[in-house]
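Work through the exercises below with the sequence and the coordinates open beside you.

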Amino acid sequence: MPSNSPAPAGGPRDAVDPPSGPTGPTPHAPSAACRTAKADPTGAAPSPAPERADPIDPNPSPALRTAASVPDPGTPRGYRAVFAVREFRAVFAAHLLSLLGVVVSELALTVLVYDLTGSPLLSALTFALGFLPYLVGGTLFAGVADRYPARRVLVACDLICAGCVAVMVLPGTPVGGLLALRCLVASVSPVFTGTRMAALTDILGEGDLYVLGRSLLRIVSQSALLIGFGVGGVLLAAVSARGAITITVGTFLCSAALLRFGTRNRPARSGRDGGGALLKDSLAGARTVLADRRIRALMLLFWLPAMFVVAPEALAAPYADEIGVGPAALGLLMCAMPVGHIGAELYAGAVLAPRLRSRIVLPVAAAGLLPLVLYGFRPGLVASVVVLVLAGVGAAYVIGLDQWFVDAVPEELRGRAMTLLTAGLMTVQGIGMALAGLAAEFVPVHQVVAGAAVIGTVCTLVLVREVRRTEPVHGPRTEVRDGADRHMTSG
């Protein structure tokens, strides 16, 4: 169960035709007026919808266009249905480009800082700076996600990151400037990711297509961890560190172009395009989100398991040394958990029905860390890899939790809530890695990992109880939305 958000690289990772496939309009769908008249037994004429004076897409959510349509048996289903939506293809391609570029630049920047200073501490600090600014950016700038149109925010974030990286490659940029620019790029990332998560509910609706779309973006993030560092290593053998970083400028610009010309322009969620103080709005939104008992419990269910599951990844190198295996084995230990995560996510999204994905959330979350208890027996390489794959499989609960979260958060707070979710997720993983490293200074590595699993499981069980207590009283419900059933069950 590795990171449920884009890799900690700091940057965004995560005239258009109407969406095709199950989210597109059908020629037989009744008009809004007809639906209203049919629902009103008095026969009173419906009041006309207010006209919009701005050029922004007046029908921002595909869910509104298809709420009364019945899925065509011939339309794509599962992940194929998500890719059938034209706007999502643009978002997916932009995510893939920028994420791969950021992973490569992360490696190249670390090499560049080490070449300039010869300091292992400063070199390692470039990785740490991918985590630390998330909390600042996600808390202080979260209001941007709701008060400006999503497309404008996403494109602006990409352009800011492209500008920062362009300055990084200038020969005269000092090491302090490189680290400061790294912090700025990392501060932009939670705003980008939270805005994109909220925008997916407009592009894919709030039902199963949204859940599968989020799943695909997570799979890309995990795959980038497996592929990106290998690509970066090969690239650094062919070009200089500055040359490799320069490539990221192009990936950010391509991502910005895809988002600008491949997605619709929708209005700001809050309806206050730039009004008021941003900092005050961001902090007020965070307070409102965290004050809601249900939203807070669900957010913690994203965060807590992720905080403890990073222990074996953070301690992979010392554990490899402890069991006496070489660098190649270390690579296997680092790859095992993402492989389990990707496999579980693909299976849950492609095979399990929405209702079943919802039902397994709490049991899988409660048991997800238990395989790591076997680290207490100091397993060898093969057994350790199996344990890590099983721990990665524990991430399957997140795909159902995505639906619960989007159901619980009011639309006008969605951008801020998802920005805060992303910032908190990256922050707790950084804290988890730091605490695991600190504990390993005093306790053998295998005992630290097993202890993290035990403590994490106890904390998660307490949290599962809280999530059950806050579940909606109306119980399971089903709506026709995006040609897919929308379920919310107790788990």
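This is a predicted model: local features need pLDDT of at least 70, side-chain atom pairs count only at pLDDT 80 or more; totals for chains, interfaces and linings use all residues.

Residues are numbered from 1 along each chain as its sequence is written, and side-chain values use heavy atoms, with hydrogens and water left out.

**Exercise 1. The whole chain**

Task: State how many helices and strands the chain has, and what share of its residues is buried.

Solution: Begin with the DSSP runs, numbered from the N terminus, where a helix is H or I over at least four residues and a strand is E over at least two; the chain has 22 helices and two strands. Next apply the burial classes, in which buried means under 20% relative accessible area, exposed over 50%, and partly exposed in between, with a 1.4 Å probe and protein chains only; buried residues make up 54% of the 491 residues. Finally, the accessible surface, from the Shrake-Rupley method with a 1.4 Å probe, comes to about 19800 Å², and 69% of this belongs to carbon and sulfur atoms.

**Exercise 2. Two helix pairs**

Task: Classify the packing of α13 with α22 and of α9 with α21.

Solution: Axes are lines fitted to C-alpha atoms, for helices over the stretch in contact, and angles between N-to-C directions run from 0 to 180 degrees. For helix α13 (residues 293-309) and helix α22 (residues 445-469), the angle is about 165 degrees and the axes are 9 Å apart. That makes α13 roughly antiparallel to α22, since angles under 35 degrees count as roughly parallel, over 145 as roughly antiparallel, 65 to 115 as roughly perpendicular and the rest as oblique. For helix α9 (residues 175-204) and helix α21 (residues 414-439), the angle is about 130 degrees with axes 7 Å apart, and α9 is therefore oblique to α21.

**Exercise 3. Salt bridges between separated segments**

Task: Locate the partners of E87, R357 and D402, and decide whether each pair is buried or exposed.

Solution: A salt bridge requires a side-chain nitrogen of Lys or Arg within 4 Å of a carboxyl oxygen of Asp or Glu, and the structure holds eight of them.

- E87 pairs with R266 at 2.8 Å, N to O. E87 lies in helix α4 (residues 86-117) and R266 in the loop between α11 (241-262) and α12, 179 residues apart; both are buried.
- R357 pairs with D208 at 2.0 Å, N to O. Because R357 sits in helix α17 (residues 354-359) and D208 in helix α10 (residues 208-238), this contact ties together parts that are 149 residues apart in sequence. R357 is buried at a relative accessible area of 2%, and D208 is buried at 10%.
- D402 pairs with R218 at 2.7 Å, N to O. D402 is in helix α20 (residues 397-408) and R218 in helix α10, so parts 184 residues apart are joined; both residues are buried. R218 and D402 also belong to a network of salt bridges with R214 and E345.

**Exercise 4. A nonpolar patch**

Task: Name the residues of the nonpolar surface patch and the accessibility class of L283.

Solution: Patch residues have over 30% relative accessible area and no salt bridge, with like charges joined within 9 Å and nonpolar side chains (Val, Leu, Ile, Met, Phe, Trp, Tyr) within 5 Å. V136, L140, F141, L279 and L283 make a patch of about 380 Å², to which α6 (133-140) and α12 (278-291) each give two or more residues. L283, placed in helix α12, counts as partly exposed because its relative accessibility is 31%.
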